[in-house]
Amino acid sequence: MSLAKPKILVVEDEAALVELLTYNLERAGFDTRVARDGEEAELAIAEDKPDLVVLDWMLPYVSGIEICRRLRRRPTTRDLPIILLTARSEEADRVRGLEAGADDYVVKPFSPRELVARVGAVLRRTRPGGDNELLNYADLQMDMAAHRVTRDGRPVALGPTEYRLLHQFLSHPGRVFSREQLLNAVWGYDAVIEPRTVDVHIRRLRKALNDGDRPDLIRTVRSAGYALDAAA
Ligand code: CA
């Protein structure tokens, strides 16, 4: 089990887009590294394997789609999650991208929020060990295989949204999440949901966790958001 930030390798040659991507991914709690072309990408992956690659289709020397194929052929990178980034929106191109082995496909221009949400969704879907992972914090434990949460050994009953919220907090204990970040992570990029909805689910999560007058584990940070914090 690792509580480290997921590592994202951004493979893109346009400086402005690199900045937009790294800024938004870092803000959402990811560690980012950048490669400008396929060769740099292969070196970066060999040096420190990322948890996911955001790969632009249009790159100098070797196209993103060819890099994607190469990564899929190699046993060490066969399972590396890849999101392909491209200006091509034709159905045929989409299919080509997915056939080359990309896990998802984002068409430019995209909103940073959408990209961050896609990264989160692909990681949830593909992260190895995600199904038998135990997440712990203070006296809280989440057994992802059994889909069960306990506090101090006693079961905590949670609805699906509260479960996903808690999973997000347990994956980054102590980190303050804004309502928007929680919306992205828990509801997804295509959800049309009022930020206030987050407050409602936080209230339910708190009630379930703190049942029996136990110390509150969720800290409200005024005008910033929420964090899992035993010192709350
Ligand atoms: Ca490019």
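This is a predicted model: local features need pLDDT of at least 70, side-chain atom pairs count only at pLDDT 80 or more; totals for chains, interfaces and linings use all residues.
Let's start with the metal. Which residues give protein donors to the calcium ion? They are E12 and D13, through OE and OD, then D56 through OD and M58 through O, lying 2.1 to 2.4 Å from the ion. Along the chain, these donors follow the spacing E-D-x42-D-x1-M. E12 sits in the loop between β1 and α1, while M58 sits in the loop between β3 and α3, so this pair ties together parts that are 46 residues apart in sequence.

Now, is E12 buried or exposed? Its relative accessibility is 0%, so E12 counts as buried. M58, on the other hand, has a relative accessible area of 44%, which makes it partly exposed.

On to the helices. Please find α7, residues 179–187, and α8, residues 195–209: they pack at an angle of about 75°, with axes 9 Å apart. That makes α7 and α8 roughly perpendicular to each other. From α7, the contact uses R179, L182, L183 and W187. Their partners in α8 include P195, V198, H201 and I202. By class, the residues of this contact are six nonpolar, two polar and three charged.

Helix α7 also packs against α6, residues 160–171, at an angle of about 115° and with axes 9 Å apart. The crossing of α6 and α7 is right-handed. Here T161, R164, L165, Q168 and F169 of α6 meet L182, A185, V186 and W187 of α7. This contact has six nonpolar, two polar and one charged residues.

Definitions and conventions. Residues are numbered from 1 along each chain as its sequence is written. Side-chain values use heavy atoms; hydrogens and water are left out. Axes are lines fitted to C-alpha atoms, for helices over the stretch in contact, and angles run from 0 to 180 degrees between N-to-C directions. Helices (H or I, at least four residues) and strands (E, at least two) are DSSP runs, numbered from the N terminus. Angles under 35 degrees count as roughly parallel, over 145 as roughly antiparallel, 65 to 115 as roughly perpendicular and the rest as oblique. Contact means heavy atoms within 4.5 Å. Ala, Val, Leu, Ile, Met, Phe, Trp, Tyr, Cys and Pro count as nonpolar, Asp, Glu, Lys and Arg as charged, and the others, Gly among them, as polar. A crossing is left-handed if the near helix is turned anticlockwise from the far one by less than a right angle, and right-handed if clockwise. Donors are N, O and S atoms within 2.8 Å of the metal (3.2 Å for Na, K and Ca); water is not among the atoms, so sites may look incomplete. Buried means under 20% relative accessible area, exposed over 50%, partly exposed in between (1.4 Å probe, protein chains only).
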